[in-house]
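Let's take a friendly walk through the charged pairs of this protein. Keep the model open beside the text as you read.

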Amino acid sequence: RRIPTPSHWRASATVDATPVLSFVDGTSRFQQSFNPAWVAPSASTRWTSGLLVRSQNCSAVAGGRCVACAGSGPRNASALSFSALLSDDNHTSSAPVFAKLSDVVFAPHDAADERGTEDPRLAYDDRTGMYYMFYTAWSVSGDIRLSLATTPDPTSASSWTRHGTVFEGPHKSAALLIRAAPPHYLFYGAGEIRVSRSSDLLRWQPGEPFLRGTAWGNANVEAGPPPLRLPGGE
């Protein structure tokens, strides 16, 4: 068994438990703000970093019947909104400060995602200046499909290109590892994580099982943020 070297460790800090984005304290105009993805800064974002957040109003009418995160149409369905980081990202002793969550940058556009665009997973390719976002599209008929969109600037609603369903079947939650040379890897799934490979980051085939369950016996596994490339290239 390989023993981790000190270069593989990352510092962490405990900060105030107060949410950084919340409808309750006015830092979000959406009743539900969750499933964030980190937006790394680039020239296209004017070196702005922040969070791409699943945002949704959980009731069709304020005080009305809860739609259980399953609303259909622009008033209720999940959309993705951007919140810029305002504080210094190098300070770990205090909680980060973000701009109020208010601007939708990616939202349902047809029957394929009328019930919501959810679970954003974002990776930046610094060779091409392109961001790759895998997300869950919830269709008008209730089907869920892993989908892909790209953009040079995820802080803007005007620059997205939708590439549609990644592959058929009820898949979701995909974490992308962009390598210096192909193949690139996509870890995806909930309940069982699979791995797929691609030479161009756009075309993928269903992959083989990679991870089932956890070391402590819980079968509920799900792909999250992009994998961390270690100094040794692993």
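The paragraphs below follow the salt bridges from pair to pair.

A word on the ground rules: this is a predicted model, in which local features need pLDDT of at least 70 and side-chain atom pairs count only at pLDDT 80 or more, while totals for chains, interfaces and linings use all residues. Residues are numbered from 1 along each chain as its sequence is written, and side-chain values use heavy atoms, with hydrogens and water left out.

The structure holds 11 salt bridges, each a side-chain nitrogen of Lys or Arg within 4 Å of a carboxyl oxygen of Asp or Glu. In one of them, Glu118 pairs with Arg54 at 3.3 Å, N to O. Glu118 sits in strand β5 (residues 116-125) and Arg54 in strand β2 (residues 50-56), so this contact ties together parts that are 64 residues apart in sequence. Strands here are DSSP runs (E, at least two residues), numbered from the N terminus. Glu118 is buried at 8% relative accessibility, and Arg54 is buried too, at 7%; buried means under 20% relative accessible area, exposed over 50%, and partly exposed in between (1.4 Å probe, protein chains only).

Next, look at Asp113 and Arg162, whose side chains meet at 3.2 Å, N to O. Asp113 belongs to the loop between β4 (103-106) and β5, and Arg162 to strand β8 (residues 161-165), so the bridge links parts 49 residues apart in sequence. Asp113 is buried at 1%, whereas Arg162 is partly exposed at 31%.

Conventions
Helix = DSSP H or I, 4+ residues; strand = E, 2+ residues; numbered from the N terminus.
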